[in-house]
Amino acid sequence: MNKKKLQIAQLDNKLKGFRAAIQIPHPDIGWLKTVRISLGMSLQQVADKLAITKQSVQEIETREKEGSITLNNLKETANALDMQLVYGLVPKDGTIEDLIERKAKELALRIVSRTSNTMKLEDQENSKQRLQKAIEERTAIIKNEMPKSLWD
């Protein structure tokens, strides 16, 4: 197994634990406020732990709910709630390998389609089966080489 494939496999393994988190809906009022209320903590208690005003805690909760909070601010507030911030990036495709496969197929399709259109103009059109085989072969090459253009 080459170095790049090993890195991808290791990353996929690390991200496994986060996949279940995708299924958990975000509370309408945000995680910070939900946790604070569930723990029975007042705004003032959180404010005291952060050495800020309770209005500032409200602003933090609002920014978290709206998605405009910084990670550092979120981490500090979670710590004040005796919680730990855990975050990760999870591929929409399920795994890194699935993401690479999809992107490689898309790139292969673009490459093969350009060639196919040129051949069609020259009245040398390939069969659908030949085009599919060419796409599969090009996908394998792209996955193996992992060119930067894969992410364009």
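**Ground rules.** I number residues from 1 along each chain as its sequence is written, and my side-chain values use heavy atoms, without hydrogens or water. As the model is predicted, local features need pLDDT of at least 70, and side-chain atom pairs count only at pLDDT 80 or more, while totals for chains, interfaces and linings use all residues.

**Entry: helix α5.** I took helices as DSSP runs (H or I, at least four residues), numbered from the N terminus. Helix α5 covers residues 71–80. Which of its residues are buried? I found Asn73, Leu74, Thr77, Ala78 and Ala80. Buried means under 20% relative accessible area and exposed over 50%, with a 1.4 Å probe and protein chains only. The buried residues of α5 fall within an arc of 155 degrees seen down the axis, so they line one face of the helix. The arc is taken from the directions between the helix axis and the C-beta atoms. Lys75 and Asn79 are exposed on the other side of α5. I then looked up what the buried residues pack against: α2 (31–39), α3 (43–50) and α4 (54–66). Contact here means heavy atoms within 4.5 Å. Aspartate 82 follows α5 and has a positive phi, near 60 degrees.

**Entry: helix α3.** Leu43, Val46 and Ala47 are buried in α3. Down the axis of α3, these buried residues fall within an arc of 100 degrees, so they line one face. I noted the general rule: an α-helix has 3.6 residues a turn, so residues three or four places apart point the same way. Asp48 and Lys49 are exposed on the other side of α3. The cover over its buried residues includes α2, α4 and α5. Alanine 51 follows α3, and its phi is positive, near 60 degrees.

**Entry: glutamate 61.** This residue lies in helix α4. Is glutamate 61 buried or exposed? Glutamate 61 is buried, at a relative accessible area of 7%. I left aside neighbours within four places in sequence and found contacts with Leu32, Lys33, Arg36 and Leu43.

**Entry: nonpolar cores.** I counted a core as buried Ala, Val, Leu, Ile, Met, Phe, Trp, Tyr and Cys residues joined through side-chain atoms within 4.5 Å. The largest has 14 residues. Ile8, Ile96, Ile100, Val112, Ile142, Met146 and Leu150 have the most contacts inside it. The elements giving two or more residues are α1, α6 and α7. α6 gives the most, with six residues. A second, separate core has twelve residues, including Leu32, Val46, Leu74 and Ala80.

**Entry: pocket and cavity.** I searched a 1 Å grid over the protein atoms alone: a cavity is a set of points where a 1.4 Å probe fits but cannot get out, a pocket is an open set with protein on both sides within 12 Å along at least five of seven lines, and lining residues have an atom within 4 Å of a point. Grid points are joined across faces, edges and corners, and volume is the space filled by probe spheres set on them. The largest pocket has a volume of about 880 Å³. Of its 25 lining residues, His26, Trp31, Leu85, Val86 and Tyr87 are the closest to its centre. How many cavities of 30 Å³ or more does the whole structure hold? I found one. The largest cavity holds about 70 Å³ of space. Its lining includes Asn2, Ile8, Ile100 and Met146. α1 gives the most to that lining, with three residues.
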